[in-house]
Amino acid sequence: MSKLKILHLSTECYPAAKTGGLGDVVGALPKYQNRAGHKADVIIPKYGIPWIKASEHKNIFEGTISLGMESHYFSIDRYQGDSEFDLLFANIPSLFDRNGIYADQNGFFGDEFKRWIAFIKSVLKWLITAEIQYDILHCHDHHTGLIPFFIRYCPEYEKLKQIPTVFTIHNGKYQGINSWKEFHYLPYFPGEFGGLIEWNDHINLMSAGIRNCWSLTTVSNSYLNELKYDSDGLEWLFINESAKSVGILNGIDTKQWDPTTDGLITNVLKKSISQFKKNNRNALLDQIHSKNEAPIVAFIGRLVYEKGIDFLIDLLQNYLTYYPGSLHFVILGTGDQLFESSLYFLHKRFPEDITLILKYDESLAHQMYAGSDFLIMPSRVEPCGLNQFYALRYGTIPIVRRIGGLADSITDIGDPGGNGICFDNLSIHDGMHALNRVLPLYQNKKEFNLLRKNIMLEDNSWDASSEKYAAIYQSLIA
Ligand code: ADP
């Protein structure tokens with residue numbers, strides 16, 4: 001296999017900028033690609049957020065881009081700190097020097113379309129003259145969905161036309177739907193190609209990526225199939241583009257998520273798994289000021305409809321009404337205000353049984369994976385999900401709804417090779433049944449400890465999946 005030069009284009013990359021799984025993936029996959037001998041770099045917009053503000057960069061390119069009647073200065077900056085891959089920033093201060101990725105304390109920014117076009121235009125302008133010539137442009141999610149179209153059909157980017165593009169969908173819910181009134185932000189292309197970025201009379205960034213990329217991937221196989229039945233109007237497109245589509249399950253960065261070295265947890269794993277779990281459990285209880293001795297069932301994530309938060313609220317209300325005091329639910333997340341306040345009132349009703357932390361806290365998340373007994377993911381939609389992998393790695397048993405990547409990674413403990421508790425329907429009946437299996441499992445110490453040991457031994461690293469991406473790249477170049 002030849003060694004490749006790959007550029008990942010994304011709006012998130014851990015540790016610089018992360019709101020969820022996209023950041024984790026883009027911060028991890030390139031490391032594994034570099035370890036395999038490729039040269040994988042990442043470019044994201046330069047936001048005015050603390051991590052980026054506090055880091056050092058070297059300016060490697062400067063220019064201007066036009067957006068309709070406006071002209072914007074930009075530069076391409078290279079991160080100077082320690083990193084296993086080259087991390088580049090598209091610095092467009094007029095549009096990105098804000099304290100947030102998509103939103104700040106005042107809410108969503110509202111000029112996303114203009115910002116993503118500016119990001120793409122500045123990166124492509126740099127690439128035209130850049131010393132490095134990439135073999136592959138790997139575009140992530142709808143924000144970068146116009147890249148495959150631009151380099152194919154806009155004369156301005158003619159020089160890049162031959163570079164194969166891979167478009168990966170991490171979350172199909174956000175399509176980037178915009179009115180044709182914003183057409184003036186786009187670079188020139190012959191009018192007859194306009195249909196290739198349009199869906200339902202709108203410019204649709206997701207559909208543009210799907211149609212124009214050379215290869216389409218989603219972050220699990222089940223999710224790819226689900227999109228053909230339910231993708232908010234794009235179903236036909238997914239069916240039509242099946243021949244160039246493949247689902248590749250995400251992996252995790254096992255160096256960053258390593259229970260034997262993790263600097264964000266209070267007690268690293270030495271010899272005994274039981275001791276590791278016990279010490280971290282106590283540390284977690286201290287951190288959240290709780291004396292509850294019941295098994296801990298954690299939830300970590302965005303408090304949104306897709307994650308099944310409405311269902312979780314109903315389920316906990318039912319469960320705790322019947323069985324107060326038997327399980328301790330620890331919830332960490334931020335999201336829709338309605339869900340935040342419903343959870344708050346539920347916590348008020350069951351203050352001992354529910355600990356609620358309404359914030360984004362990377363360190364606490366690590367401590368929760370290490371110190372909890374179970375992790376619940378009652379997702380309505382789950383393209384891949386990473387939390388279940390982190391839970392497994394830290395000896396926390398996942399309780400998942402069998403959907404998307406959860407179906408592809410978690411097998412019920414009643415089946416051979418089982419590594420979690422699974423349920424199929426978002427019904428109180430199914431949810432109660434799943435929760436009713438928790439205590440008996442927890443109390444059967446022999447079975448429980450063996451399960452913990454087995455799940456911690458699983459290899460869910462990027463090793464296997466990064467090879468699958470490499471095989472796609474090679475096939476495109478061939
Ligand atoms: P998403 O749909 O949000 O991308 P994933 O399961 O793919 O879901 O990834 C979620 C990532 O975000 C995990 O690393 C998880 O630990 C992290 N995360 C989500 N919410 C929070 C939070 N409130 N605090 C800390 N980490 C969080």
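Biologist: How many residue pairs are in polar contact across the interface of domain 1 and domain 2?

Modeller: Keep in mind that this is a predicted model. For such a count, both residues of a pair must be at pLDDT 80 or more, and the rule then finds eight residue pairs in polar contact across the interface of domain 1 and domain 2.

Biologist: Which elements give two or more residues to the side of domain 1 that touches domain 2?

Modeller: Helix H1 (21-35) and helix H7 (221-227) do. H7 supplies four residues, the largest share of that side.

Biologist: How do the residues of that side of domain 1 divide into nonpolar, polar and charged?

Modeller: Six are nonpolar, nine are polar and four are charged.

Biologist: How many salt bridges does the rule find across the interface of domain 1 and domain 2?

Modeller: A salt bridge needs a side-chain nitrogen of Lys or Arg within 4 Å of a carboxyl oxygen of Asp or Glu. Across this interface the rule finds one. Lys-18 forms a salt bridge with Glu-362, with 3.3 Å between the closest N and O atoms.

Biologist: Where do the bounds of the domains fall in the protein chain?

Modeller: The domain assignment gives 5-251 + 463-477 for domain 1 and 273-456 for domain 2. Their C-alpha centres are 33 Å apart.

Biologist: What area do domain 1 and domain 2 bury between them?

Modeller: About 1400 Å², with 57% of it on carbon and sulfur atoms. In terms of residues, 19 of domain 1 are in contact with 16 of domain 2.

Notes: Residues numbered from 1 in each chain as written. Predicted model: local features only at pLDDT ≥ 70, side-chain atom pairs only at ≥ 80, totals over all residues. Heavy atoms only, no water. Domains from an automatic or database assignment. Contact = heavy atoms within 4.5 Å. Buried area = accessible area lost by both parts, 1.4 Å probe. Polar contact = N/O pair within 3.5 Å; in protein donor to acceptor, adjacent residues only side chain to side chain. Nonpolar A, V, L, I, M, F, W, Y, C, P; charged D, E, K, R; others polar.
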